[in-house]
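I opened a new notebook page for this structure. My plan is to look things up one at a time and write down what I find.

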Amino acid sequence: MAVSRPVAVTEIESHFRSEYGRAVATLVRSFGDIDVAEEAVQEAFVVALDRWPEAGIPPNPAGWIITTARNRAIDHLRREASRENRHAEAVLLHLSHQPPEPVGPVTDDRLRLIFTCCHPALGRAAQVALTLRLLGGLSTPEIARAFLVPEATMAQRIVRAKAKIRAAGIPYRVPAEAKLPERLRAVLAVVYLIFNEGYSASSGDVLVREDLCAESIRLARLLAELMPDEPEVLGLLALLLLTQSRRAARTAADGSIVLLPDQDRRRWDRALIEEGHQLVRRCLRRGRPGPYQLQAAINAVHSDAATAAETDWDQILRLYDQLMSCTPTPVIALNRAVALAEVRGPAAALAAIEGLELGGYHLYHATRAELLQRLGRHDEAMDAYDAALAVTANGAERSFLQQRLSAAGEAARR
Amino acid sequence: MKQYLLSVHMVEGAEMPPPETVERMYADVDQYNARLQAEGAWVFAGGLHPADTATVVRMQDGELLTTDGPFAETKEHLGGFWVIKAPDLDAALAWAADATKACGAPVEVRPFQDEAAD
């Protein structure tokens with residue numbers, strides 16, 4: 001027996017958290033039911049709490065968790081089958097024809113599970129919650145806190161989604177080739193939404209929000225590992241890494257927001273930037289550009305510049321033009337205008353965003369205000385900052401806008 | 001095999017398409033039905049007369065009450081339906097996609113509690 005050392009509960013928890021998705025995914029394939037899989041992993045956790053502190057962490061924790069959970073679930077089924085439960089008998093029979101160990105990366109069960117969680121028959125909020133619960137191993141209270149929803153609401157959302165999967169027969173498999181692009185878009189949208197929720201909103205529990213960013217990057221890495229030939233998957237991972245690389249520079253010591261041009265670039269995470277750049281090169285080589293790849297490429301150009309003044313705005317504008325041709329959304333048109341202002345001046349940019357249907361989006365008004373300010377139209381800029389303040393409740397955003405508003409006010413009085 | 005209800009939802013008072021479109025719809029639905037049968041997915045189907053031909057029967061204070069008109073006071077009514085057999089929701093959604101193309105109205109897919117006997 002190996003020499004054991006004391007094992008802390010938090011250490012056991014962290015093993016279960018990181019292996020949760022793999023274990024649940026494998027067991028769903030075996031037992032055909034998400035609740036059975038989750039309960040079995042939960043029971044394995046109780047066993048681990050009992051044994052690991054004495055016996056130490058097993059050499060292959062993932063294998064131990066899956067085997068223990070599987071045995072627990074089989075015990076339950078045997079008891080059910082002895083009560084003449086035909087369904088339990090059928091599952092046991094089916095199990096005897098399956099390999100007991102998780103199979104290789106190509107048919108990784110987690111990929112099946114993420115496509116089930118992000119099935120279009122489920123609403124977006126349910127897709128996000130299920131993905132975090134089943135693949136991320138986040139607890140329901142954690143997910144509720146992250147999305148600022150009462151715990152009971154989040155619990156009900158997850159229960160309803162799981163009930164629909166069972167009742168409606170949402171399948172547990174990677175979609176066929178013909179459906180893959182459309183279904184993959186939903187998966188990538190869910191991962192991106194999880195990241196943005198963690199990155200952009202500064203209200204709520206900071207730790208839980210950082211957890212969301214870490215979790216979405218973990219999911220994106222998993223997808224990139226399992227679907228290395230899908231350029232948009234690599235593009236999404238690159239986009240997340242490059243955005244995350246600026247996280248530390250994005251807020252000042254007092255919690256206020258620092259915009260890209262004013263950020264201290266020495267605080268950018270070089271390792272993440274390097275990895276992001278490599279991914280951008282790798283996916284663009286495939287010659288099948290898509291929205292995530294292009295957004296990643298734009299971020300890569302930003303991170304190439306040693307100072308804000310050295311930014312290659314021509315290239316950024318070209319990338320935005322390409323992005324507009326594949327996803328012509330008002331938000332992208334707005335972001336493109338920022339690049340346009342650098343290349344052709346604020347008047348051209350202002351003309352490009354007039355009439356965009358983004359009245360409820362504070363960054364629309366803030367961008368307009370910025371451009372008006374640069375054109376010396378201070379009174380109109382102040383109105384636009386007021387409009388931006390009227391549509392955001394986020395504390396950090398508000399104090400930033402207040403600051404800009406009073407600066408515009410001073411300029412107007414001069 | 002699971003069973004699904006594919007119901008066709010019609011909006012009350014919506015303008016009727018021109019006769020040639022209606023005729024093509026009927027032909028498309030016939031063809032669709034034939035395909036459901038040929039592929040063993042068919043259980044039952046039917047088109048319904050407009051909702052104003054409906055009669056509602058209910059028990060009220062221990063008495064049987066019969067009233068004119070549809071039960072739900074909405075603008076949308078069930079116009080027709082299919083009951084199909086399919087291995088899972090993706091298969092049922094694929095049938096529903098063909099159904100909505102054939103009949104030209106939105107199709108709702110809802111699982112039955114019981115599985116098909118065969």
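These entries go from whole chains down to single residues.

**Entry 1: the chains**

I note at the start that this is a predicted model. I began with chain A. Its secondary structure comes to 20 helices and 0 strands. I then looked at its extent. The C-alpha atoms of chain A fill a box of roughly 85 × 45 × 40 Å along the principal axes. Chain A has 414 residues, and 38% of them count as buried.

Chain B came next. I found 2 helices and 6 strands there. Along the sequence, chain B reads β-α-β-β-β-β-α-β. Its C-alpha atoms fill a box of roughly 45 × 40 × 20 Å, again along the principal axes. Of its 118 residues, 19% count as buried.

I also checked how far apart in sequence the contacts reach. In chain B, residues 24 or more positions apart account for 78% of the contacts with a separation of 6 or more.

**Entry 2: where the chains touch**

**Entry 3: the nonpolar core**

I looked for the largest nonpolar core and found 125 residues in it. The residues with the most contacts inside this core are Val24(A), Leu27(A), Val41(A), Ala238(A) and Leu6(B). Helix α11 of chain A, residues 231-244, gives the most to this core, with 9 residues. As background, nonpolar side chains tend to be buried together in soluble globular proteins.

Leaving out residues up to four places away in sequence, Val41(A) touches Tyr20(A), Ala23(A), Val24(A), Leu27(A), Ile65(A) and Ala69(A).

**Entry 4: helix α18 of chain A**

Is this helix enclosed or open? I counted 11 buried residues out of 13 in α18(A), so the rest of the structure largely encloses this helix. Among the buried ones are His362(A), Tyr364(A), Arg368(A) and Glu370(A). The cover over the buried residues includes α16, α17, α19 and α20 of chain A.

At 1.5 Å a residue, α18(A) should span 18 Å, and its end C-alpha atoms are 18 Å apart, which agrees. Gly376(A) follows the helix and has a positive phi near 80°.

**Entry 5: the sheet in chain B**

I traced an open sheet of 4 strands in chain B, in the order β2-β5-β1-β6, with antiparallel pairing. Its edge strands are β2 and β6, each pairing on one side only. The twist averages 20° from one strand to the next. I then followed one pair: β1(B) and β6(B) run antiparallel over 5 bridges. Within this pair, Ser7(B) has Glu108(B) in β6(B) as its bridge partner.

**Entry 6: Tyr4(B)**

Tyr4(B) sits in strand β1 of chain B, residues 2-11. Is Tyr4(B) buried or exposed? It has 26 C-beta neighbours inside 10 Å, and the cut-off for buried is 20 or more, so Tyr4(B) counts as buried. I listed some contacts beyond four places in sequence, among them Ile84(B), Ala92(B), Val109(B) and Phe112(B).

**Entry 7: helix α2 of chain B**

Ala92(B) took me to helix α2 of chain B, where it is one of the buried residues. Others include Leu89(B), Leu93(B), Trp95(B) and Cys103(B). What do the buried residues of α2(B) pack against? I found α8 of chain A, together with β1, α1, β5 and β6 of chain B. The helix has 15 residues and reaches 20 Å, close to the 21 Å expected. Just after α2(B), Gly104(B) takes a positive phi of about 70°.

**Entry 8: the hairpin in chain B**

Last, I looked at β3(B) and β4(B), which form a hairpin with 2 residues between them. In the turn, Asp61(B) has a positive phi of about 50°. The two strands pair antiparallel over 6 bridges. Met59(B) has Leu64(B) as its bridge partner in β4(B).

How values were computed
Residues numbered from 1 in each chain as written. Chains lettered and ligands numbered in written order. Buried ≥ 20, exposed ≤ 12 C-beta atoms within 10 Å, placed from the backbone. Contact = placed C-beta atoms within 7 Å. Expected span 1.5 Å × (residues − 1). Core = buried A, V, L, I, M, F, W, Y, C linked by C-beta atoms within 7 Å. Pairing = 2+ DSSP bridges. Axes fitted to C-alpha atoms, helices over the stretch in contact; angles between N-to-C directions.
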